[in-house]
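Trainee: I would like to go through this structure with you, step by step. Where do we begin?

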Amino acid sequence: MGGWAIAVHGGAGVDPNLPLERQEQAKQLLTRCLNLGTSALRADLPAIDVVELVVRELETDPFFNSGRGSALNENGRVEMEASIMDGPKRRCGAVSGLSTVKNPISLARLVMDKSPHSYLAFSGAESFARQQGVELVDNDYFITEENVGMLKLAKEANTILFDYRIPLGMESCAAGVESPIQMNGLPISVYAPETVGCVVVDSQGRCAAATSTGGLMNKMEGRIGDSPLIGAGTYACDLCGVSCTGEGEAIIRGTLAREVGAVMEYKGLGLQDAVDFVIKNRLDDGKAGLIAVSNKGEVACGFNCCGMFRGSATEDGFMEVGIWDQ
């Protein structure tokens, strides 16, 4: 074993005109989350605890699209989803359609640890949350003024906004522009969903992964993306842990997260080669990215779109935070 390693992401597909101030804010948040995770790993917390801890931090900060600051659906409400997976024995938990749970990733963890099921959604998940005594808040807690403005823009453009984080005043970047990018055969505007995720391998070689999101701005009520789907947006096994971000429908079709583990297992590829293979061969025309760790203490990332908010660190002292090309 090569020691512990951690990677975090805040979404793949970044507006190339993103102001430098917002780029710096993203890097600071990713660095804070890496420091939180590395401190936990130095204290010998298991990988599954670390991924939950880090994603909770990302959900609490409104900068990215998860927890507070989540994208709004067509009705102006937040519907969040998340999943978590523990590599040893491939234990997992997932939730969808949450509107009052402050930290969806922790409810996903409780589904894994405290229920006989792997996935709970909508009213059933909310009922389970009340039974477990998790912190609940009004839906208004998750809604930011910025997102209200982006939903208005999306409705005026009659489209789903992927890059709902374009600052107000730069709307021409997102609406009324012919886009070559399609989702299930339908054109969308600017591409930059900001799902969050974390993958960790601890000093014992145990891998874990966690992913959380508010989904797409102006999405249909009840839409479920890749983030809560084990094997699509999240996967962990004895070999690796993977968290994906990007065009959810393409990630689902390609079972992207599981494919990384599969090509490592069946083709004998190393971690970075497996990530590169999957990004190149399993997305068809979709745009996405992912982060991954291996049980050997390796860390990797890959994406086929314009940038990915990401950061990684390893036990030997390496730490890096980036947005643009690898």
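Mentor: We begin with a definition. On a 1 Å grid over the protein atoms alone, a cavity is a set of points where a 1.4 Å probe fits but cannot get out. Points are joined across faces, edges and corners, and a volume is the space filled by probe spheres set on them. This is a predicted model, where local features need pLDDT of at least 70, side-chain atom pairs count only at pLDDT 80 or more, and totals for chains, interfaces and linings use all residues. Residues are numbered from 1 along each chain as its sequence is written, and side-chain values use heavy atoms, without hydrogens and water.

Trainee: What is the volume of the largest cavity?

Mentor: The structure holds 2 cavities of 30 Å³ or more. The largest cavity has a volume of about 70 Å³.

Trainee: How many charged residues are in the lining of the largest cavity?

Mentor: Lining residues have an atom within 4 Å of a cavity point. There are 12 here, and T195, G215, R223, D226 and G246 lie nearest the centre. For the classes, Asp, Glu, Lys and Arg count as charged, Ala, Val, Leu, Ile, Met, Phe, Trp, Tyr, Cys and Pro as nonpolar, and the others, Gly among them, as polar. The lining has 2 nonpolar, 7 polar and, as asked, 3 charged residues.

Trainee: Which residues touch the most other members of the largest nonpolar core?

Mentor: A nonpolar core joins buried Ala, Val, Leu, Ile, Met, Phe, Trp, Tyr and Cys residues through side-chain atoms within 4.5 Å. Buried means under 20% relative accessible area, exposed over 50%, partly exposed in between (1.4 Å probe, protein chains only). The largest core has 56 residues, and those touching the most other members are I6, F64 and L107.

Trainee: How many residues are in the second, separate core?

Mentor: Its members include A5, A209, V263 and M264. The count for this second core is 39 residues.

Trainee: Why is the pair of F63 and F64 edge-to-face?

Mentor: Rings of Phe, Tyr and Trp (its six-membered ring) pair if their centres lie within 6.5 Å; planes under 30 degrees apart count as stacked, over 60 as edge-to-face and the rest as tilted. The whole structure has 3 aromatic pairs. The centres of F63 and F64 are 5.0 Å apart, and the pair is edge-to-face because the planes stand at 85 degrees.

Trainee: How many residues apart in sequence are the parts that F64 and F309 tie together?

Mentor: F64 and F309 form a tilted pair, 5.3 Å centre to centre and 55 degrees between the planes. F64 lies in the loop between α2 (47-60) and β2 (80-86), and F309 in strand β13 (residues 308-314). Helices (H or I, at least four residues) and strands (E, at least two) are DSSP runs, numbered from the N terminus. The pair therefore ties together parts that lie apart in sequence by 245 residues.

Trainee: Is F122 buried, exposed or partly exposed?

Mentor: F122 is found in helix α4 (residues 122-132). F122 has a positive phi of about 50 degrees although it is not a glycine. With a relative accessible area of 29%, F122 is partly exposed.

Trainee: What separates the C-alpha atoms of L120 and A94?

Mentor: L120 lies in strand β4 (residues 119-121). L120 is buried, at 17% relative accessible area. L120 and A94 are 26 residues apart along the chain, and their C-alpha atoms are separated by 6.4 Å.

Key:
On a 1 Å grid over the protein atoms alone, a cavity is a set of points where a 1.4 Å probe fits but cannot get out, and a pocket is an open set with protein on both sides within 12 Å along at least five of seven lines; lining residues have an atom within 4 Å of a point.
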